[in-house]
Amino acid sequence: MPETNDRSTPYQIRMPSHQAAAKLRIGRRELLVQVRDVSWADITVALPASVARKFGNGRSVTLTHQGETLKSKICARHVGTDGETLLVLRQVHGELASSKMTKTHQHPDRIRPVSEQRVNSDPLLTIVLMVGGLVAIMIMPGWGDELGTSSTLTDGICDFCTGMLQFFKSLV
């Protein structure tokens with residue numbers, strides 16, 4: 001891994017000031033910060049020295065910048081210009097998660113398309129419904145009479161119901 005104190009990394013990109021606003025969550029505190037540099041390994045943010053001295057290296061933080069949430073750790077600290085402190089944040093691998101900005105009155109399920117919403121399906125329920133549909137088709141007066149299953153299934157269902165009725169009467 002490259003040294004984080006090397007400020008001349010060729011892969012380091014300066015963030016334009018109109019895109020630099022971000023939120024840094026450290027514990028329960030949420031601070032407005034400015035993103036200064038972005039590289040493949042870390043992000044450098046600027047915040048007032050009075051606030052930055054309270055947070056040591058290795059502390060877990062969450063940075064929200066341009067709709068992306070990055071869970072990271074403070075890995076270095078530099079003294080910047082204008083009395084500000086630059087914190088170097090290193091991403092905790094596998095913790096980059098895109099967060100959708102939603103309005104507070106919207107429920108998250110309402111903004112997802114129907115194709116992406118989770119559908120609860122129970123295989124047993126599906127099988128029971130399919131068998132019930134087939135039995136209903138075979139009992140129907142038109143089709144059931146042509147197939148010769150209408151009278152047989154109707155008698156079977158009547159026998160099943162009288163058996164269950166006698167069973168419940170015996171319990172009482």
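Predicted model: local features only at pLDDT ≥ 70, side-chain atom pairs only at ≥ 80, totals over all residues.
Visitor: Why is D37 called buried?

Guide: Its relative accessible area is 4%. Buried means under 20%. The value of 4% falls under that cut-off, so D37 counts as buried. D37 lies in strand β3, residues 29–38.

Visitor: What makes R14 and D37 a salt bridge?

Guide: The N to O distance between their side chains is 3.0 Å. The cut-off is within 4 Å, for a side-chain nitrogen of Lys or Arg and a carboxyl oxygen of Asp or Glu. The pair therefore qualifies. R14 lies in strand β1 and D37 in strand β3, so the pair ties together parts that are 23 residues apart in sequence.

Visitor: How do you know whether R14 is buried or exposed?

Guide: R14 has a relative accessible area of 61%. Exposed means over 50%, so R14 is exposed.

Visitor: Why is R25 called partly exposed?

Guide: Its relative accessibility is 37%. The side chains of R25 and E30 meet in a salt bridge of 2.7 Å, N to O.

Visitor: What makes R36 and E84 a salt bridge?

Guide: Their closest N and O atoms are 3.1 Å apart. The limit is 4 Å, so the pair counts. This pair links distant parts of the chain: R36 sits in strand β3 and E84 in strand β7, 48 residues apart.

Visitor: How many salt bridges does the structure hold?

Guide: The structure holds five.

How values were computed: Residues numbered from 1 in each chain as written. Heavy atoms only, no water. Helix = DSSP H or I, 4+ residues; strand = E, 2+ residues; numbered from the N terminus. Buried < 20%, exposed > 50% of the residue type's maximum accessible area, 1.4 Å probe, protein only.
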